[in-house]
Amino acid sequence: MLKIATSRCLRPNGLHLRAFHTRHASQGVRLNWTRIALFTSTATSVAALAVWCVQSNVVHNDTAVSAPPSTSTPEAVPRDSNVNSTGVDENGSIQAIVWGSNRLNILDPNAPGVEVVQHPTNVKWLENVALRDLVLHERHAACVDARGDVYQWGDGFFGSTPTSDAEAKSPKATLRGKDIVKLQLTESRVYALSSSGKVYVFAANEEQQKRRSESTDSSWWGLCSLLGVSQSTIDFVELSPKEKLKWREYFTTIAAGRGHLLALTSAGRTFSHPVDRDANSHGQLGLRKVDLPAVPHDASPASATVARVTVDLIPKSIADPYAKASSHSRTALSSGTSQHLNMIHDKDIRFSDSLFEIPALRGVKVKQITAGSRSSYVNTDEGRVLSWGANEFGQLGLGSGITLDTITVPTEVILTRNVPVSVRTKCLGISAGGDMAFFVADRTGSDLPRYVDILSCGNGQWGGLGTNLYTTAQANPVRVRSVSGLVEYDEKSRGLAPIVPEAISVSPVGHVLFTLDTLSRAGPGASGRDLMVCGLNCDYQLGTGKRKSLPVPTVLESLGGRFLLSRKIACVKDMAGKVWKNAEVEQCAVAGYGNTFVYWRIRS
């Protein structure tokens, strides 16, 4: 059971009064005793009359009067040894650390009575468990254990909310035997990437995962049974690329937004996939025409024919350019979407079973992809950034001169604004979530030492951009000063070297986690990597113990000093409790929907 650790409230034992003597004290002997006696007598009579009125006017109810509910605040619980711990208990067992909202049983499914975890707290349901990946969504969550099996939990997955510990539901194994290495979640889908480069999709809800007999491959399941390999009992679909891959080319990573998915191959080719009908509402797919299986609303996908139709997913701004321009009521223009799309069932995982190569990026070698809620970003092999999709808050980083709220063609992001011409800039990484984006820029020059800047853009209403401002729109990528230009002494080169952010996790709803690589050059005695937080904090998701949002990245503190993410060798178990092997593991911080999860990840 989780313990909500809060600071002990100190209350005064009593109120001490001090008598003050003034020059009027000497006049007390001359008081009018007659007036005092008259006043005392009158007050006594009024009090007696009030008591008689109360006792004589009795109200008789039909039911017994119950005592009013207590409104007193329970005494604060003192912070125990688990609070702000390093994720290792007194026995040396590794554990996950969580804080923030647990209303939908995402942080600890075994503690349904705990709604909010105010301070970083250990959870024992992941004791001695290291994972390959863990992803959080608003109502459900999923992870990949050491053996490559997928487990899911949360109220959105089980479809109900437990009310007591007896009704608590532990994570359940869903996709098994596929050697999964990476996951991505949407509201209704789970996308999984295997070590062999295959992409699978299955439902995020347990009830919708029931297998259809027509979709079962009997030969495959028979072979698995003979070999003793664990097999999945859920319904899933393998996504196939519409354009053929080259010899020995495979998918290496995936990134999902609210309604679209991006996939990157080992050859640097970029593909996209529509999740539902709104997948291209702002042009985030990078294409318009897609080929979909014809699955009507009134037919089950398992019994549907293999006929396919080509539909045109037109962005809303193109279908109706003046939708936001008119102040008076007018008839909306036709959406321009293909008539076949309205007849296709988009709530099923077979809405789209293909990955489509983005035409504008053919011939462009990409090394990294990421996705916001309705936007897409790629980092080319040369360190140049391209973005497209929704741009209402400037989250594409195209500058204040671009006032369009939709960009349908991949457009380059300029990272050299406010930088001397002699300084060369190369993008090292991109992180995005919701309506915010962060770019890690490597700066080099002939007269300047090498340094690294973190640039941010988008919706910083809750301070998530880290610029010490609460701004709703930031189109020009601006420098996050507290985590930019940091250097440390490197013993190997015997000089200063830049501190590069190892990871940036962006929550879709407003808070950001910065993991700084302060361990690689720290030398003997180093204990871990610094974790800095900023942004929205209404559910204690920043781990500070308060609900005050932070517009500047701040080092997270613990009882013993800075909160550090560690690395170590540990005996790793899978989610079923079986010992896997000894492996090198490291702590990884993930920003969710109003919460934060720090788990032990297996280093590859």
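## Salt bridges and positive phi angles

Y540 lies in the loop between strand β29 and strand β30 (550-555), where helices (H or I, at least four residues) and strands (E, at least two) are DSSP runs numbered from the N terminus. Although Y540 is not a glycine, its phi is positive, at about 65 degrees. At 14% relative accessibility, Y540 counts as buried; this term means under 20% relative accessible area, while exposed means over 50% and partly exposed lies in between (1.4 Å probe, protein chains only).

The model is predicted, and local features need pLDDT of at least 70, side-chain atom pairs count only at pLDDT 80 or more, and totals for chains, interfaces and linings use all residues. Residues are numbered from 1 along each chain as its sequence is written, and side-chain values use heavy atoms, with hydrogens and water left out.

A second residue with a positive phi is N128, whose value is near 60 degrees and which is likewise a residue other than glycine. N128 is found in the loop between β2 (116-123) and β3 (133-136). With a relative accessibility of 18%, N128 counts as buried.

The structure also holds 32 salt bridges. Such a contact is a side-chain nitrogen of Lys or Arg within 4 Å of a carboxyl oxygen of Asp or Glu. The table lists three of these pairs.

| Salt bridge | N to O distance |
|---|---|
| R350 and D348 | 3.8 Å |
| R529 and E502 | 2.3 Å |
| E586 and R601 | 2.9 Å |

In the pair of R350 and D348, R350 is buried, with a relative accessible area of 15%, and D348 is buried at 10%.

The salt bridge of R529 with E502 has its closest N and O atoms 2.3 Å apart. This pair links distant parts of the chain, for R529 belongs to strand β29 (residues 529-535) and E502 to strand β27 (residues 501-506), 27 residues apart. R529 is buried, with a relative accessible area of 1%, whereas E502 is partly exposed at 31%.

The side chains of E586 and R601 meet in a salt bridge at 2.9 Å. Here too distant parts of the chain are linked: E586 is in strand β35 (residues 579-591) and R601 in strand β36 (residues 595-602), 15 residues apart. The relative accessible area of E586 is 6%, so this residue is buried, while R601, at 26%, is partly exposed.
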